[in-house]
Amino acid sequence: MLTSQIPSRVEPYKLAARRERLEGIVALNKLPRLAEEAGDQTGDCHVVLEFGVDAQGRREIHGHLQATLALPCRRCLVPLSQDVSSDFLLGMIADEALAAELPASHEPVLVENEQLDLLTVIEDELILSLPQVVYHDETECHVSAEQLVSKTEGTADESAPAKNPFAVLSALKSSGALKGKK
């Protein structure tokens, strides 16, 4: 089944029994948790979901998603465009206790009242697919090269003598104020 917009809720057991395929887009601005993680987004996420039943009778969803997100650079905080994609395999469960019965290759997805909120599933997969850190190339970053270099001992102000944190104790010891104290 080809749709222009992925429906927000579906009956996944029926789709799996008929081995249906949903392909379409989800507007990124309709995903509030993604906005919390990565900032406000524009554009669409292209999604392909194939519902089916495996050889052991488990209902599953093979999925692929792809989107271009504007993610903030960790140095200068100016957004840069990043392609994000994910291939995933979900095993449908009616109860959280059944998640342990799924093989390691399947991620559990909870189906409540024979309904599945696809937007939540897609949003979860997008969030899990976000890169850990995002940086511009040094030549394109809005932070100067001097700001990127950390200060080392050789760059400290050499004219000021280093203060000894124990100088006060040394002065007390030499004055005899610490005699008899242990």
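At 32% relative accessibility, Arg33 counts as partly exposed, and in this predicted model the side chain of Arg33 has a charged partner, since Asp124 forms a salt bridge with Arg33 in which the closest N and O atoms are 2.7 Å apart. Asp124 belongs to helix H3 and Arg33 to helix H2, so this pair ties together parts that lie 91 residues apart in sequence. Asp124 is itself partly exposed, with a relative accessible area of 31%.

A search of the whole structure finds seven salt bridges, and others among them can be followed in turn. The side chains of Glu11 and Lys14 meet at 2.8 Å, N to O, where Glu11 is partly exposed at 35% relative accessibility and Lys14 is partly exposed at 45%. Glu20 pairs with Arg18, with 3.2 Å between the closest N and O atoms, and Glu20 counts as buried because its relative accessible area of 19% falls under the 20% limit. Arg21, Glu23 and Glu50, in turn, are linked in a network of salt bridges.

Turning to the nonpolar residues, the largest nonpolar core has 38 residues, and Phe51 and Leu126 are those with the most contacts inside it. Among the elements that give two or more residues to this core are helix H1, helix H2, helix H3 and strand S4. Leaving aside neighbours within four places in sequence, Leu126 is in contact with residues including Leu28, Leu34, Cys45 and Val84.

Leu172 lies in helix H5, which covers residues 167–175, and Leu172 is partly exposed at 34% relative accessible area.

Methods. Residues are numbered from 1 along each chain as its sequence is written. This is a predicted model: local features need pLDDT of at least 70, side-chain atom pairs count only at pLDDT 80 or more; totals for chains, interfaces and linings use all residues. Side-chain values use heavy atoms; hydrogens and water are left out. Helices (H or I, at least four residues) and strands (E, at least two) are DSSP runs, numbered from the N terminus. Buried means under 20% relative accessible area, exposed over 50%, partly exposed in between (1.4 Å probe, protein chains only). A nonpolar core is a set of buried Ala, Val, Leu, Ile, Met, Phe, Trp, Tyr and Cys residues joined through side-chain atoms within 4.5 Å. Contact means heavy atoms within 4.5 Å. A salt bridge is a side-chain nitrogen of Lys or Arg within 4 Å of a carboxyl oxygen of Asp or Glu.
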